[in-house]
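I opened this entry to get my bearings in a new structure. My notes follow in the order I looked things up.

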Amino acid sequence: MTPQEQFTALLKQAHGVLKPLGFKKDGQNFRLFTPDGLGKIICFSKNRGNSKDYLLFRLDIGVYFEKTPEITERKFKEYDCQLRQLVERQDSGSLQKRGPLDLLRPRDFREDCEDKEWLITKRTDTEALFDSVRLGLDFCLEWFGHFPDRETVIQGILTGEAQQFVWNNILAYSTAKMLDDMGCGRQVYERIKDTDPAHCYVVQLAREIKEREGL
């Protein structure tokens, strides 16, 4: 199989794991919606530098909510999420079968690949690939366990507790503004009042909340 064919087959295998848990497949994305208005996503994100000879991909995950409990954007992307994480490979071995090295391969190729990327070539051991990705999916499900519902996510952002589980800034302007609109202005202010002046929109929001709330 070509790398793309192996990738397509891998998505089908991942669907077999995730579908019983309530995830719905949409291309390279798998989404789960909770009854109280929290969206969870696993994205098999392909590297833009791929070629017909190799394919690099990573697992990006996140949780998403909107101002009201009803999620209207049912096709939200991982980059839309308020909380985001990159999944590290849980194995350390090569997934490539023994044989002559491919003449064309990624410039940053290593035998164990990047810590957060999987490499597929014509020599890839498909069983080892799925076993490795399955470990990654297990990590995804464990990570989602920290955020069982919408309220837990919101409180985790307002208290700052959620920051330890993600790579992104949990109180970027868009999130801070939405939480302020939801009536959490005082708590948002306490979290953003000392923001670096370089983040002008957040600083301005803090000023607006301070004046409005008389803080």
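I began with the contacts of glutamine 82. Leaving aside neighbours within four places in sequence, I found glutamine 82 in contact with Val63, Tyr64, Phe65, Ile157, Asn168, Ile170, Thr175 and Met178. The model is a predicted one. Glutamine 82 sits in the loop between S4 and S5. Is glutamine 82 buried or exposed? Its relative accessible area is 7%, and the cut-off for buried is under 20%, so glutamine 82 is buried.

Next I moved to strand S5, residues 83–86, where I found arginine 84. Arginine 84 has 17% relative accessibility, so it counts as buried. Which side chain does arginine 84 join in a polar contact? The partner is glutamate 78, at 2.8 Å. I then listed what arginine 84 touches, not counting residues up to four places away in sequence. The list is Ile61, Gly62, Glu78, Tyr79, Trp143, Val166, Trp167 and Asn168. I noted that Asn168 is also in the list for glutamine 82.

Then I turned to phenylalanine 57. Strand S4, residues 54–64, holds phenylalanine 57. Its relative accessibility is 0%, so phenylalanine 57 counts as buried. Not counting residues up to four places away in sequence, phenylalanine 57 touches Phe7, Leu10, Phe44, Ser45, Lys46, Asn47, Lys116, Glu117, Trp118, Ile120, Leu129 and Val133. I also checked one distance here. Cysteine 43 is 14 residues from phenylalanine 57 along the chain, and their C-alpha atoms are separated by 9.7 Å.

After single residues I wanted the whole chain. How many helices and strands are there? I counted 5 helices and 6 strands. Along the sequence they follow the pattern α-β-β-β-β-β-β-α-α-α-α. The chain has 215 residues, and 44% of them count as buried. I took the contacts between residues at least 6 apart in sequence. Of these, 62% join residues at least 24 apart.

Helix packing came last. Two packed helices are described by the angle between their axes and the distance between the axes. I looked up both values for each pair.

Helix H3 covers residues 150–159, and its axis is 9 Å from that of H4, at an angle of about 40 degrees. That angle makes H3 oblique to H4. The crossing of H3 and H4 is right-handed. From H3, the contact uses Arg150, Ile154, Gln155, Ile157, Leu158 and Thr159. They meet Thr175, Leu179, Met182, Cys184, Gln187, Val188 and Arg191 of H4. By class I have 7 nonpolar, 4 polar and 2 charged residues in the contact of H3 with H4.

I went on to H4 and H5. H4 spans residues 173–192 and H5 spans residues 200–213. Their axes come within 9 Å and cross at roughly 70 degrees. That makes H4 roughly perpendicular to H5. The crossing of H4 and H5 is right-handed. H4 brings Tyr173, Ala176, Lys177, Asp180, Gly185, Arg186, Val188, Tyr189 and Ile192 to the contact. H5 brings Tyr201, Val202, Leu205, Ala206, Ile209, Lys210, Arg212 and Glu213. I sorted the residues of the contact of H4 with H5 by class. There are 10 nonpolar, 1 polar and 6 charged.

Terms used: Residues numbered from 1 in each chain as written. Predicted model: local features only at pLDDT ≥ 70, side-chain atom pairs only at ≥ 80, totals over all residues. Heavy atoms only, no water. Axes fitted to C-alpha atoms, helices over the stretch in contact; angles between N-to-C directions. Helix = DSSP H or I, 4+ residues; strand = E, 2+ residues; numbered from the N terminus. Parallel < 35°, antiparallel > 145°, perpendicular 65-115°, else oblique. Left-handed = near helix turned anticlockwise from the far one by under 90°. Contact = heavy atoms within 4.5 Å. Nonpolar A, V, L, I, M, F, W, Y, C, P; charged D, E, K, R; others polar. Buried < 20%, exposed > 50% of the residue type's maximum accessible area, 1.4 Å probe, protein only. Polar contact = N/O pair within 3.5 Å; in protein donor to acceptor, adjacent residues only side chain to side chain.
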